[in-house]
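I opened the notebook to go through this structure one item at a time. My entries follow in the order I looked things up.

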Amino acid sequence: MLLHLGNDYMIPTKDVVMIADIESTDSEITREFLKVAKEEGFIKNFAKGEPKSFVLTDETIYYSNISSKTLRKRMNYVNRLDRDH
């Protein structure tokens with residue numbers, strides 16, 4: 001199953017480790033983590049404009065213009081579909 005991140009970009013739900021609000025980057029540790037990830041090319045920005053959330057996978061961090069709350073709802077919906085079929 002796929003998770004739609006906005007702007008016609010999707011990723012496999014099985015790869016998602018964490019979905020977080022971009023405002024959670026108030027933490028110095030998180031800001032440093034994202035800064036290093038960006039410098040090393042691990043971030044793909046699918047948000048056109050200011051990102052609202054980021055999705056962590058085992059190899060990549062995706063920025064999305066969709067809120068983390070909405071992405072989590074989509075993940076839960078997709079997981080229920082996958083479980084029920």
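Which residue in β6 is the bridge partner of Ser53? I looked it up and found Ser64.

Before going on, I noted the ground rules. This is a predicted model, where local features need pLDDT of at least 70, side-chain atom pairs count only at pLDDT 80 or more, and totals for chains, interfaces and linings use all residues. Residues are numbered from 1 along each chain as its sequence is written, and side-chain values use heavy atoms, with hydrogens and water left out.

Entry on β5 and its pairing. I took helices (H or I, at least four residues) and strands (E, at least two) as DSSP runs, numbered from the N terminus. Two strands pair if DSSP finds at least two bridges between them. Strand β6 covers residues 61-64 and pairs with β5 in the antiparallel sense, over four bridges. Three residues lie between β5 and β6 in a hairpin. I then checked strand β3, residues 16-21, and found it antiparallel to β5, joined by five bridges. Val16 is opposite Thr57 of β5.

Entry on burial. I used these cut-offs: buried is under 20% relative accessible area, exposed is over 50%, and partly exposed is in between (1.4 Å probe, protein chains only). Strand β5 spans residues 53-57, and five of the five are buried, so the strand is largely enclosed by the rest of the structure. I sorted the side chains by face. Ser53, Val55 and Thr57 are buried on one side, Phe54 and Leu56 on the other. In a regular strand the side chains alternate between the two faces of the sheet.

Entry on Ile61. I placed Ile61 in strand β6. Ile61 is buried because its relative accessibility is 2%.

Entry on charges. For a salt bridge I required a side-chain nitrogen of Lys or Arg within 4 Å of a carboxyl oxygen of Asp or Glu. The count by this rule is one salt bridge. Lys14 and Asp15 form a salt bridge through their side chains, at 3.2 Å from N to O. How accessible are the partners? Lys14 is exposed because its relative accessible area is 70%. Asp15 is partly exposed because its relative accessibility is 25%.

Last entry, on helix α1. Helix α1 runs over residues 28-39 and holds Glu32. I logged Glu32 as partly exposed because its relative accessibility is 42%.
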